[in-house]
Structure formats: C-alpha cells, structure tokens
Amino acid sequence: MSVNQLIKPITAEWKENLNIGGCDTVELVKKYGTPLYVMDEKTLRTVCREYKEAFKNYNNVKMMYASKALSNITIATILDQEGFGFDTVSAGEIYTVYKAGVDMTKVLFNGNNKTEREINLALDLNVGRFSVDNFHEAELLNRLASGKGKFIDILLRITPGIECHTHDYIQTGQIDSKFGFDLTQIDEIVGLTKNKYKNLILNGLHAHIGSQIFEIKSYQDEIKILTNELNRINSTYDLNLNELNIGGGLGIKYTNLDNPPSIQELANVLEDVLNEQTKNITIYIEPGRSIVATAGVTLYTVGSTKQVPNGRKYVSIDGGMADNPRPSMYQALYSAEVCNHRNSEEEIVTLSGRYCESGDILINNIKLPKLNSGDIICVYSTGAYNYSMSSNYNRVEKPAMVLVNSGQSDMIVNRESLEDLVAREVIPNRLRKE
Ligand code: LLP
C-alpha cells in the first residue's frame, strides 16, 4: 500500500496508549500540551521515497514539494534531504526554503498575483523557475529581470480545461478559472516571450488540475493536452520547449470512504501517455497533500460534553476550526481515535471545536469509546493544509508542532504565547494611558 492510501502514520501502534513515531501520545501531551500537531518523520520520508521509487524509470522527473500544504524550516530540510525541490507561492514560502539552506535553483515560483516585492525577492535569491500566470506578470517580470540584468527561466501556466471531481473550491484546471492562460491565449503569450520579453526564457508549460484527485484519467487527459500543446508550439514557432509541470493533486485517504490511487498508479500515467517524441521532456510534479498529510496527526484534549435531550452528544475538544479549517470550509471528513484508553463501551458523538461558531464541528457522528473530560483524541491525516491554513480566530494561540521519530520528539514550531499574540501591535501614543 502506498502511504497516501493509509489513514494513519505508518508508525501508529497501540501499546499502553496510542504511540506515534515510537512516542506515547499521552506523554507527548504531558510534555507539549494540546492542541498539538505531530509529524511522523518515518512516514514523511517513506512517502518521499515512494515517489522517487515510483518515478525511477523516468529519468527526467523533478519532484517539487508544494510548500503550501505545510511550510516550515524543518519540513523543508527533510524534503531537501530527500531530494525534492520546492513549489512556492509567496515571499514567505520562498524565504522559508531559503532559511532551510535549499539550493534556490530547485525552487519554482507559482501564483496568480505575484507582487513586485515578491518577484524582486525571488530574483535576488535566484529562484530557478517562474511559472508565469498571466499577461500582467509577464510584463512585470520581464521589466524587473531586465532592471537587474537577469535572464529568467519560465514556464507558462495554462488552464487545460479539465474538470475533476473534487470540491469546487479546490478545482483549478477548469476553463473558467482565475489561474493561468486560457488555451486560446497561448499563442499571444508565446509570441510576446519570443519577440518582446527578451529577459524571459520560455522552457515549457505548467498546469495544475485540482487537489484531492482520485481519478487517474484526469492526469492522462491533462498530460495529453500539455504534450499536444508543447508539440504544437514547438512546430509553429520553431522552438524546442522541453519542460512540462503537471502540478500536484494526488488524493489521500482521510476516511474509509476514500479510495485514492497509489503513487505508482500516478507514475504509470507517464509511461502510458509519453511516446517516442515526448519521452525526453523534463516533467515536474508538485505534490503537496500526498507528501505531508498522512504523516501528520493532531492531538486534542476533551473538555466539556453536552447531551442534547433526544439529540446529539457533543464532545468538545480544545481546538477546532482555527487549527483545522477544512471541515468547516470544505465539509472535509476526518478519522479519529482515543489515545489513552480503549473502553469497550462505544458511543456515537459529535466532536466539536472550541471556537464560537456553530459550524465549528470537527467530526460529525463518529463512533468512539466512551469519552470523559481529560481524554486525549488523535485526529488523523492532518499534516496537509491544517497548520498552513490555521488562524488566530477567537484570539487563540496557534498550537505547537513536534517531529517524532524512533521514540524521540523534537519541537519544530513553538506554541504561540499570549505575548506572541500582541507582540506586533502598537498603541498610538495619543491613546496611551498616562
Ligand atoms: N501545484 C499547484 C499549482 C497548486 O495550486 C497546488 C495546490 C499544488 C501544486 C499541490 O496540490 P496537492 O498535491 O496538495 O493537492 N486548501 C485545500 C487545497 C488547495 C490546493 C491548492 N493548490 C485543501 O485543504 O484541500
């Protein structure tokens, strides 16, 4: 089984309590408190190696981890050690990989509205590739690069017109999208890069069709469209473009309802679709979720409970929509387990968050061993798009993140303090108390 087809980290095992990465989760909670993001290094490295193994027959594949799924210096260091490059979409993501000591030529800068400041930072740090998203950006990038006397390798982000069956908000490759050039605009932008934007070096095309994708056929369609376009551009304009970035998107298993394809099945698409003419193209892939999701879990402590007369039983935990906005944003489903006991008596409860909104429900109607205040809950597959989309809603401090491996735990992101919450605030002098 591929890691993305598992709900739990590969090291999850039951001893006296639930253990992850050889660490007792109850001990982790005693040491670091809750809510607590826990990243299992073994699962993370295993999935990276699965990607490398799956694509090993194809020499020209470059793995670019999509930082937006989870970006911090330790994660970047591990991915760098595993031989990944990085897809970044902001100054913050670029700066994070830079601080991790990553070779910046292995970094790609994506995004539909890169600001002048961000482009300048990326140029100054010698980011390896820009995926140019629109006409405005091409003009701006050429001007800024020319001001610095630099020649910049670019790909063109295009919308291949593929609709995949995922949540509307996380679909990106359909025709009416804010991302990339429409197929009908490609000739114009290729002409501009060839004739006008002398500081841009066009290498190829980029597309991303969506996220949490379960249908391998969507990738086949996408790659066919991209290779056809590449061949068409090369022959029409006498060019030799030989790079395709096929984006990320491979789905993962959050609950038993999910049945994602394996990483190998994704890799096989290349074998199926590429032919004599296209087999030497350099292919970039940008997985985010499928790299970090399964390695991550979140630990919470149960607080109050409420039995609605003749209704649901709510069990409230000490986190919720600010550390994991996905259930309230996308109706995302998760699996959970109790860490500190396995009472045989079970009940169906609704795990509710601590934030002041009725919609702050983490998991509806989940069957768990009978819970008491003080119990520890583990929510699985929270490694992607949880910390990276977390907020300080209700003025709650963001949780800590620890990395676990072989019984050792290390804090990799400190828990925010109350002082952190007010640290950047400034009171105008005229409002100060005497
Ligand atoms: N490349 C590009 C250009 C992207 O826009 C994305 C994700 C990725 C790669 C990585 O896709 P992944 O392998 O992680 O599916 N916040 C949403 C997901 C948004 C994804 C946006 N783009 C969620 O929590 O489900």
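This is a predicted model: local features need pLDDT of at least 70, side-chain atom pairs count only at pLDDT 80 or more; totals for chains, interfaces and linings use all residues.

Colleague: At what angle do helix 8 and helix 9 pack?

Modeller: Two packed helices are described by the angle between their axes and the distance between the axes. Axes are lines fitted to C-alpha atoms, for helices over the stretch in contact, and angles run from 0 to 180 degrees between N-to-C directions. Helices (H or I, at least four residues) and strands (E, at least two) are DSSP runs, numbered from the N terminus. With axes 10 Å apart, helix 8 and helix 9 (residues 263-273) pack at an angle of about 35°.

Colleague: Which residues of helix 9 meet helix 8?

Modeller: Contact here means heavy atoms within 4.5 Å. From helix 8 come I216, Y219, Q220, I223 and K224, and they meet E265, L266, V269, L270, D272 and V273 in helix 9.

Colleague: At what angle do the axes of helix 7 and helix 8 cross, and is helix 7 oblique or parallel to helix 8?

Modeller: The axes of helix 7 (residues 186-195) and helix 8 (residues 216-237) come within 12 Å and cross at roughly 50°. That makes helix 7 oblique to helix 8. Angles under 35 degrees count as roughly parallel, over 145 as roughly antiparallel, 65 to 115 as roughly perpendicular and the rest as oblique. To return to your question, the angle is roughly 50° and helix 7 is oblique to helix 8.

Colleague: Which residues of helix 8 do I186, D187, V190 and K194 meet?

Modeller: Those four belong to helix 7, whose crossing with helix 8 is right-handed. Their partners in helix 8 are E229, R232, I233 and Y237.

Colleague: Which residues are closest to the ligand?

Modeller: The ligand is surrounded by 19 residues (each with a heavy atom within 4 Å). The closest are S211, E286, R289, R326 and Y385.

Colleague: How far from an oxygen atom of the ligand is a polar side-chain atom of R326?

Modeller: Polar contacts are pairs of N or O atoms within 3.5 Å. On the nitrogen side, a polar side-chain atom of E286 lies 2.6 Å from a ligand nitrogen, and an N or O atom in the side chain of H208 is 3.5 Å from a nitrogen atom of the ligand. For R326 and the ligand oxygen, the distance is 2.6 Å.

Colleague: Which residues does the cis peptide bond with omega of about -10° join?

Modeller: Look in the loop between helix 1 (25-32) and strand 4 (36-40), where P35 has its place. The cis bond joins T34 and P35.

Colleague: What is phi of N310 near?

Modeller: N310 sits in the loop between strand 14 (296-307) and strand 15 (313-317). Its phi is positive in a residue other than glycine, near 60°.

Technical notes:
Residues are numbered from 1 along each chain as its sequence is written. Side-chain values use heavy atoms; hydrogens and water are left out. A crossing is left-handed if the near helix is turned anticlockwise from the far one by less than a right angle, and right-handed if clockwise. A polar contact is a pair of N or O atoms within 3.5 Å; within protein, one must be able to donate a hydrogen and the other to accept it, and residues adjacent in sequence count only if both atoms are side-chain atoms.
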